Amino acid sequence: MFAGCSTAPRLDALLSGAGAVSFLQIPNARFDGDDGEALKREIWQSLTREWPRLSNTMLALSGGQEDGAFGAGLLVGWSEHGSRPQFKIVTGTSTGALAAPFAFLGSEYDWALKKIFTETRPGEVMASKRFLLSAVNNDSLMDNSSLARSINKHLDIKILDRIAEEYEKGRLLLVSTTNLDTGKMVIWNIGAIAASGHPRRLDLVRKILLASAAIPASFRRS
């Protein structure tokens, strides 16, 4: 009976060469977490675009669910202090992925950090399913469609175009996700995607942020 209520099996995973798969024909859209050389090449190319004005500041925004508000508050306070630098590289994972685009663009987007981390309600992040049925016939306990709508509301094409402009100047915005089939990290080159001009670039970036922020098993896949 339980087997009859289960979801359809997933397709076979791409276990080898997954990091080399091109998304939207953007060759440097993502990097396998184990392929440090490819990422080094991208950083080197960013240095050539930034020449002769070189910088070496880096910001890493990590997870922590609601504790991500600490990082957002630190950035806003840093701006008010007047000593916050422009970061050469900004990385984000989990909750940090939601803050990373706005931290990357600088103090002028502190309003977005405040709004996301102080005004967002629980219902704008997740919606509970019926627990028993979810445990039996779904791959998660929560529905992340509310979080997807929140991301879509805050990240629009204007912000994506600003990220593209900064990428062309030699700055990098990187967001990490986990490949659930291999258990390995994938690093997404958000600036390169934004600058690609592809008509689906905004949708892809939104999905990357959602994938990074959604906890496996707690949230369903989108």
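Which residue forms a salt bridge with Glu37? The legends below, for close-up views of a predicted model, begin with that pair.

**View 1. Salt bridge between Glu37 and Lys40 within helix α1.** The partner of Glu37 is Lys40, and the closest N and O atoms of the two are 3.6 Å apart. Both residues belong to helix α1, where a spacing of three residues sets them about one turn of the helix apart. Glu37 is partly exposed, at a relative accessible area of 47%, whereas Lys40 is exposed, at 56%. The model has 12 salt bridges by the rule applied here.

**View 2. Salt bridge between Arg201 and Asp161.** The N to O distance between these side chains is 3.4 Å. Arg201 is part of helix α9 (residues 201–213) and Asp161 is part of helix α7 (residues 157–168), so the pair ties together parts that lie 40 residues apart in sequence. Arg201 is buried, with a relative accessible area of 14%, while Asp161 is partly exposed, at 32%.

**View 3. Arg162 and Glu166 in a network of salt bridges.** The side chains of Arg162 and Glu166 meet at 3.2 Å, N to O. Four residues separate the two in helix α7, about one helical turn. Arg162 is buried at 18% relative accessible area, and Glu166 is buried at 4%. The network that links them also takes in Glu108, Glu165, Lys169 and Arg171.

**View 4. Arginine side chains over aromatic rings.** Arg171, a member of the salt-bridge network, lies over the face of Phe104, 4.1 Å from the ring centre. The charged end of Arg49 sits over the ring of Tyr167, at 4.2 Å from its centre.

**View 5. Aromatic pairs in the model.** The count comes to two such pairs. In the pair of Trp78 and Phe87, the ring centres are 5.7 Å apart and the planes stand at 70°; an angle over 60 degrees counts as edge-to-face, so this pair is edge-to-face. Trp78 is partly exposed, at 28% relative accessibility, and Phe87 is buried, at 4%. The rings of Tyr109 and Trp111 have centres 6.2 Å apart and planes at 35°, so this pair is tilted. Tyr109 is buried at 12% relative accessibility, whereas Trp111 is partly exposed at 47%.

**View 6. Backbone features at Pro52 and Ser94.** Most residues other than glycine have a negative phi, and most peptide bonds are trans. The peptide bond from Trp51 to Pro52 is cis, with omega near 5°. Pro52 is located in the loop between α1 (36–50) and β2 (58–61). Ser94 is not a glycine, yet has a positive phi of about 55°. The loop that holds Ser94 runs between β3 (89–92) and α3 (95–105).

**View 7. Nonpolar cores of the model.** The largest nonpolar core has 45 residues, and those with the most contacts inside it are Leu113, Ile163, Ile190 and Ile193. Helix α3 gives the most to this core, with eight residues. Leaving aside residues up to four places away in sequence, Leu113 touches Ala72, Leu75, Val76, Ala99 and Phe102. Another core, of nine residues, lies apart from the largest one and includes Phe31, Ala38, Ile89 and Leu172. In soluble globular proteins, nonpolar side chains tend to be buried together.

Technical notes
Residues numbered from 1 in each chain as written. Predicted model: local features only at pLDDT ≥ 70, side-chain atom pairs only at ≥ 80, totals over all residues. Heavy atoms only, no water. Phe/Tyr/Trp six-rings, centres within 6.5 Å; stacked < 30°, edge-to-face > 60°. Buried < 20%, exposed > 50% of the residue type's maximum accessible area, 1.4 Å probe, protein only. Lys NZ or Arg CZ within 6 Å of the ring centre and 35° of its normal. Core = buried A, V, L, I, M, F, W, Y, C linked by side-chain atoms within 4.5 Å. Contact = heavy atoms within 4.5 Å. Salt bridge = Lys/Arg side-chain N within 4 Å of Asp/Glu carboxyl O.
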